[in-house]
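Biologist: Could we go through the pockets of this model together? Please start with the terms.

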Amino acid sequence: MHLVSESGLPHANSTSQDVYSSESTPKRRTLAAQGVLFTLLSLFSVASYSAEPSSPVTDGPYVFLNQGQENTAYWICQSELKQTPIANNQLARPNDCGNLPQPLRHSEAPQVEADTYTHAGKIVALSDVHGQFDVMINLLKAHKIIDDQNRWAFGDGHMVMTGDMFDRGHQVNEVLWFLYELDKQAQAAGGRLHLLMGNHEQMVFRGDLRYVNERYQTSAELLNRSYDALYNKDTEIGRWLRSKNTLVKINNLLFMHGGISPEWVERKLNISDANQLFRQHLDDKKEDLKQNDLLNFLFFTNGPTWYRGYFKDALNEQEIDQILNYFKVDHIIVGHTSQDRVLGLYHNKIIAIDSSIKNGQSGELLLIDQDKLTRGLYQGEQVTL
C-alpha cells in the first residue's frame with residue numbers, strides 16, 4: 001500500500017508493490033496428483049514472477065504545481081521515491097539518482113510564442129525523438145546545435161522539433177527537460193526553439209498510454225498518479241508543453257508533425273486559429289473531439305498531426321502546389337512517417353524528417369540556410385538534399 005500525503009502524492013519513504021510481479025500464482029495441486037517435478041516447477045514459476053526487476057528504475061524530476069508542492073522536486077532513485085526542495089528555481093537531484101537532469105526552472109509562466117516568422121537565418125529541424133535522448137544529443141552535438149555541456153550553440157538560429165517526444169523510448173523525461181532548458185537558452189541567444197505537438201503528445205494528454213515505455217510504470221505507481229497525470233497542466237512540464245504550437249511558418253517553410261491535407265484548404269483554415277484550437281482542446285476526451293466536425297478533422301486522420309497522404313501517392317504535384325500556394329510557402333516539412341533518412345518528395349516540396357531516431361540507433365536532421373537544404377548525418381557529415 002502507498003503512504004499518501006494530503007496532496008495526493010506519496011510520501012518519499014513509501015513502498016510500492018513490484019509492478020512486475022504476478023497478481024496471482026497457479027493453484028497448487030497435491031503431490032499425489034502431480035508429483036514432485038510439477039511442484040518444483042510451480043515453485044520456480046512463483047519465484048521468477050516475484051523477483052525484483054533486474055534494473056532498478058531511476059527517473060525524474062517531476063514538479064507538481066499544486067499548492068504546497070510547487071517547491072518540491074520528486075525523483076525515482078533506484079526504484080525508490082525521493083524528494084528535494086527547489087531553491088532559487090534550481091532542481092537538485094539526490095546523490096544516488098544517477099545522471100538525471102538538474103534543470104533550472106523557469107520563474108515565469110510559459111508564454112505562447114508567435115507561429116509565423118520572417119527573415120529568420122539558419123534553421124535546423126528534426127522529429128520523432130520518442131524518448132531516445134542519447135541519439136538526439138549525439139546528433140545535435142555532431143552538427144554544433146548544442147555544445148559539449150548540452151547548451152544552445154546555434155546563435156540566432158531556429159530549431160524546430162516537429163513532435164513526438166513521448167512514448168516508445170526510455171528517456172522521455174530527459175528529452176523533455178533538455179528541451180525545456182534549451183527553449184530559454186535559445187531565446188536568450190536571439191534564436192528560437194519551436195516545439196510542435198505531435199500525435200503522441202495528444203495521445204498521452206488524453207490518457208492513451210498504449211505506447212508508454214514500461215520503465216514509467218514504476219514512476220507512475222510510486223508517484224501515485226497515472227502516467228498522463230505526470231504531465232497534466234498542474235505540472236511544470238505539462239504547463240509548458242500546453243503553451244506550444246502545432247504548426248509554425250518560418251520564411252518560406254511550413255512545419256508540422258503529420259502533414260497538410262487538401263481538406264485544410266477546403267475548410268479555409270489559418271495557422272493561428274488552428275494552433276489556438278489545439279491548445280484549447282489538448283485535454284479533451286477522444287469521444288468529445290469526434291462530436292465536433294472541425295475538431296474531429298484537426299485532431300485525427302486528415303489533420304496536421306496524423307495525415308500521411310504524401311507517402312501513399314494520394315496527391316499529385318498539382319495538388320501539392322495548391323497547398324503550398326495557399327500558405328505562400330515553397331516547402332512543407334513533416335515528421336510522423338518513418339524513413340531511413342531525411343527525404344525529399346515532389347521535387348523537395350515535401351520534406352520528410354522522421355529519420356527513425358525512435359529506433360535508438362542513429363538519425364538525421366535537416367539543415368536550412370537560405371534556400372540550401374542539407375541532410376545532417378549522424379556522425380556530422382552533411383549531404384545536399
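Modeller: Helices (H or I, at least four residues) and strands (E, at least two) are DSSP runs, numbered from the N terminus. The model is predicted: local features need pLDDT of at least 70 and side-chain atom pairs pLDDT 80 or more, while totals for chains, interfaces and linings use all residues. Residues are numbered from 1 along each chain as its sequence is written, and side-chain values use heavy atoms, without hydrogens and water.

Biologist: What volume does the largest pocket have?

Modeller: About 400 Å³. A pocket is an open set of points on a 1 Å grid over the protein atoms alone, where a 1.4 Å probe fits, with protein on both sides within 12 Å along at least five of seven lines; lining residues have an atom within 4 Å of a point. Volume is the space filled by probe spheres set on the points, which are joined across faces, edges and corners.

Biologist: Which helix gives the most to its lining?

Modeller: Helix α3 (residues 172-188), with five residues. The lining has 21 residues in total, and Asn99, Leu100, Pro101, Gln102 and Phe133 lie nearest the centre.

Biologist: Why does the largest pocket lie between the domains?

Modeller: Because domain 1 (56-105) and domain 2 (106-384) both give residues to its lining. The domain bounds come from an automatic or database assignment.

Biologist: Now the second largest pocket: which residues lie nearest its centre?

Modeller: Asn199, His200, Met203, Arg210 and Trp306, out of 21 lining residues. The volume of this pocket is about 290 Å³. Helix α4 supplies the largest share of the lining, three residues.
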